[in-house]
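Please look over this model with me before we discuss it. My notes follow as numbered points.

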Amino acid sequence: MSGDPFTDALHGDAAIVDGVDVAPPIHVSSTYDRSEQTDLVYRRNQHVTTRRLEAVLSALEGGSAVVYPSGMSAVASLLRYLNPGRVYLPADVYHGTRAYVTGDRHSWQATETLDDLAAGDVAWLETPSNPKCLVIDIAAATAELGPRGVTVVVDSTFATPVLQQPLALGADYVMHSSTKYIGGHSDAMGGVIVAADQNRSIELEAARVIDGTIPGSLDVWLTLRGLRTLPLRILRQSETAAAIAVYLESRVPIVWYPGLTSHPDFELARRQMSTGGAIVSFELDSHAAAAEAVPRFTVFRRASSLGGVESIVEHRASVNPLAPPGLLRLSVGLEAADDLIADLEQVLALAKQ
Ligand code: PLP
């Protein structure tokens with residue numbers, strides 16, 4: 001482990017010897033020959049490509065990683081494992097996480113305040129948040145909640161391990177939807193939990209065997225392949241996102257980007273993250289204005305999801321009724337900034353504002 005994400009993304013799995021291949025092979029076998037001297041029994045229990053992906057993620061986050069078939073599978077698995085009394089959720093949070101936490105299939109209570117959390121409760125901090133890119137002070141939260149015995153989980157999907165390091169700031173767990181930046185090519189689904197305490201990751205892995213939530217071979221292989229270039233991608237995407245945010249600020253009244261001085265969490269983001277990230281949200285006047293604008297984009301693809309190499313635009317209220325009605329979320333990809341800004345310019349020229 002070098003401690004530098006550019007090196008760790010490429011060599012974090014170097015200790016796992018897997019033949020002479022420079023690129024990791026895809027292991028598809030569901031079971032293993034038990035006459036060989038090996039700890040491998042059955043793919044739901046152990047899987048070599050999965051282990052390699054987990055080794056790289058562990059190196060990047062500075063903890064012990066366990067991977068799942070989707071981000072939501074990671075959310076559900078961790079909460080089932082922790083089995084808390086109460087779960088704090090911020091007001092702006094991924095709508096799937098809200099649906100899981102507030103659903104009626106569990107015994108925990110959802111709460112919107114950190115004040116009365118106590119031992120055995122969970123604070124679920126999503127930072128930056130989806131879709132407004134609001135930033136939570138992880139170090140301040142862990143300093144206050146840790147001594148009270150509250151488990152702090154950070155959904156760091158928007159930041160990636162390259163831009164922010166929640167475990168170093170005192171969090172107990174980091175969660176990612178690796179479907180987003182970690183995979184990075186809109187072709188694999190996955191989720192990750194990284195535990196600060198290795199004993200916790202061993203228990204999570206044991207629970208995964210029984211829950212049957214091992215991800216598929218192709219998904220973990222594609223995620224590992226994508227992860228090699230994560231540092232390069234997220235830094236370039238952040239740079240383009242910052243240029244787009246500055247442009248948008250001159251064109252629309254509300255822009256949500258933590259790298260802008262006008263963002264309510266600008267100072268905190270500057271301390272906690274190495275860039276403002278690669279998601280920019282902005283608001284048009286109404287639901288109708290946003291809905292009419294979306295089909296006019298020609299470079300941004302109109303789709304759900306984010307974090308891929310291609311830029312994506314989504315009218316969030318079309319999938320999340322709690323999102324501001326006129327909010328468009330941009331996931332900024334690897335195209336030239338000028339082409340993306342020209343696309344926005346032609347859309348905004350026609351938009352009712
Ligand atoms: N957390 C955040 C912040 C997300 O944006 C998403 C998906 O968009 C998830 C969790 C869930 O991940 P997945 O779609 O991989 O299940």
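**Notes on the ligand site and the fold**

1. A ligand oxygen atom lies 2.9 Å from a polar backbone atom of glycine 71. That is a polar contact, meaning a pair of N or O atoms within 3.5 Å; within protein, one must be able to donate a hydrogen and the other to accept it, and residues adjacent in sequence count only if both atoms are side-chain atoms. The protein covers 93% of the 390 Å² of accessible area that the ligand has on its own. Such areas come from the Shrake-Rupley method with a 1.4 Å probe; for residues, only the protein chains shown count as cover.

2. A word on the source. This is a predicted model: local features need pLDDT of at least 70, side-chain atom pairs count only at pLDDT 80 or more, and totals for chains, interfaces and linings use all residues. Residues are numbered from 1 along each chain as its sequence is written, and side-chain values use heavy atoms, with hydrogens and water left out.

3. An N or O atom in the side chain of threonine 179 is 2.7 Å from a ligand oxygen atom. For the side chain of lysine 180, the distance is 3.1 Å.

4. How many residues surround the ligand? There are 14, and the closest are Gly71, Met72, Asp155, Ser177 and Thr179. A residue counts as near if one of its heavy atoms lies within 4 Å. Helix 3 (71-82) and strand 6 (173-177) each supply at least two residues of this shell.

5. The protein has twelve helices and twelve strands. These are DSSP runs, numbered from the N terminus: helices are H or I with at least four residues, strands E with at least two.

6. Now the overall size. For 353 residues, a compact globule would have a radius of gyration near 20 Å, and the protein agrees because it has 20 Å. The radius is taken over C-alpha atoms, and the globule rule is 2.2 Å times the number of residues to the power 0.38. The C-alpha trace spans about 70 × 50 × 35 Å along its principal axes.

7. Check the backbone too. Most residues other than glycine have a negative phi, and most peptide bonds are trans. Yet threonine 127 and proline 128 are joined by a cis bond, with omega about -10°. The bond from asparagine 130 to proline 131 is also cis, with omega near 15°. Proline 128 lies in the loop between strand 4 (122-126) and helix 5 (138-145), and proline 131 lies in the loop between strand 4 and helix 5.

8. Asparagine 83 has a positive phi of about 45°, although it is not a glycine. Asparagine 83 sits in the loop between helix 3 and strand 2 (86-88).
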